[in-house]
Amino acid sequence: MWNKIQKSIWKLPCPEADSPPHQNIQVATETDVHGEKLALQWVGCDACVENKGSMCDHSTQDLKSVVNEADVEDHTEANSSFAHSVINMIGMLIGLGQLSSSYALENGGWASAFLLVGIGVICAYTSHLLAKCLEKSPRSRSYADIGQHAFGSRGRVLALTFIDVEIFLTLVSYTIALHDNLTTVLAGTQLRLPIWTKLSTSQLLTMIGVLVALPSLWLTDLSSISYLSSGGVLMSIIIFTSVAYLAIFQVVKANHSIPVLHLHKIPAISGIYIFSYAGHIVFPNLYKSMKDPSRFTKASTVSFASVIALYTSLAFTGAKLFGPEVSSQITLSMPRHLIITRIALWATAIAPMTKYALMFAPFSVQIEQSLPGSFSARTKTIIRGAVGSLLLLIILTIALSVPYFEHVLNLTGSLVSYSICIVFPCAFYIKISSVQLSKFSLILNATLLAIGLLLGVAGTISSSKSLFTSLKRDHSA
């Protein structure tokens, strides 16, 4: 269906300026956004000029026929059951957050678990707000569409900008995790590059890992990319099972006490907590894929309840097992001599390599859509792959230059995830439903919006200071 819609729309002329604006069509595929999260693909008529009075020779009727055809096909694909939707949502929400929840709880104190749970509840509620926005705007099919419905083209641009930044920073975090875990599992390995002796063994190992994953950026078949990414979900299961094994069989004694509360560290960990629930950019697509969209809120409630329970139990387990020595990535705290540890380390190192292609898809499609229509499909593929490879090398450079997983993760959550998960959904809902909104609902959503802004700003300042301090310290050393 995707190819059919894409080819049809590329052949279309742009509607006249006075005609209704064309609808961008987005296709979501599972990722970890956090994770994990999603690849958005959108197509449209690049020749269209939005300025009043500009014309092109494409007929509006042709555009409508293709959109109607797409709507029919999308409707036939809305076959996701309630159970399937819950599984998909849980799969998207579980990601890098499971590595750092123990670290965050140990640093924030056991009372910060209320913040972990509270943020999860708020995110579950804001997913419901997105569903309400979609109900009021049936033509909206994506997160960016909701932003456009609420605030026009500026809302779309703002939403897409934050989505791109979140994906970019998430990929940096994944690459840092690749570096840390690959270096640990291959400890003792010595590598040297004669032409560049300044590169350490850990940096060379990370470069090799990224180069192994780099060819996946040239894939154009979405089904192949999705299949590759499914390995990331398996890696997450392995990591959780490994930690559970240590606790259940008492391989490591859970005899550490957890401090009550470190209030001054809350801004430094709040971004990690919100990042653990970052999946809102794909929720509109999940909503549209359900057989019965009216059950979306129930599905999100079940999904978030499951993920909150998982993160909370994992946070307390890791903090009790390793205490103050717990790493920002729990796999790095596990006893090195155990086989189960090596399995967990390899799983954490391999997971990022399965994510690159899918998470790069939004950038890839934007690049392809910006190219002249006269270019052949092969030329577009080459340019898209080359630019994607360059971006991955830039991400690699940043990850090796700023190898501070916890600070980058907190910065990602604070800088963009609070906006995407809490601030924007509340703002969209208030704007779209302003006429029917009750006073209580207005106060509630405005309050949540303010809380999201406050935690986001505080976390961004805290993580930025910590990042610069770490960079300055290492530079001095």
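Of the 32 residues of helix α12, 23 are buried, so the helix is largely enclosed by the rest of the structure. The model described here is predicted. Helix α12 covers residues 339-370 and reaches 49 Å from its first C-alpha to its last, close to the 46 Å expected at 1.5 Å a residue. The helix bends by about 45 degrees at A361, and a proline, P362, follows within four residues.

**Salt bridges**

Side chains of opposite charge can pair when their charged atoms come close. A search of the whole structure finds 3 salt bridges. They are set out below with the accessibility of their residues.

| Pair | N to O distance | Accessibility |
|---|---|---|
| K132 and E135 | 3.6 Å | K132 26%, partly exposed; E135 43%, partly exposed |
| R156 and D145 | 2.1 Å | R156 buried, D145 buried |
| R473 and D474 | 3.8 Å | R473 48%, partly exposed; D474 37%, partly exposed |

K132 and E135 both belong to helix α5, and because they are 3 residues apart there, about one helical turn separates them. In the pair formed by R156 and D145, both residues are buried, with side chains that meet at 2.1 Å, N to O. For R473 and D474, the closest N and O atoms are 3.8 Å apart.

F114 forms a nonpolar patch on the surface together with W110, V260, L261 and L263. The accessible area of these residues together is about 540 Å².

**The loops on either side of α9**

K265 sits in the loop between α8 (222-248) and α9. Its relative accessibility is 27%, so K265 counts as partly exposed. Although K265 and G108 are 157 residues apart along the chain, their C-alpha atoms are separated by 5.7 Å.

S276 is placed in the loop between α9 (266-275) and α10 (283-289). Is this residue buried or exposed? S276 has 2% relative accessibility and therefore counts as buried, the cut-off for that class being under 20%. The side chain of S276 reaches the backbone oxygen of I272 at 3.0 Å.

Technical notes:
Residues numbered from 1 in each chain as written. Predicted model: local features only at pLDDT ≥ 70, side-chain atom pairs only at ≥ 80, totals over all residues. Heavy atoms only, no water. Patch = residues over 30% accessible without salt bridge, like charges linked within 9 Å, V, L, I, M, F, W, Y side chains within 5 Å. Areas by Shrake-Rupley, 256 points an atom, 1.4 Å probe, with all protein chains shown as cover. Salt bridge = Lys/Arg side-chain N within 4 Å of Asp/Glu carboxyl O. Helix = DSSP H or I, 4+ residues; strand = E, 2+ residues; numbered from the N terminus. Buried < 20%, exposed > 50% of the residue type's maximum accessible area, 1.4 Å probe, protein only. Polar contact = N/O pair within 3.5 Å; in protein donor to acceptor, adjacent residues only side chain to side chain. Expected span 1.5 Å × (residues − 1). Bend = angle between axes of the 7 residues up to and from the residue.
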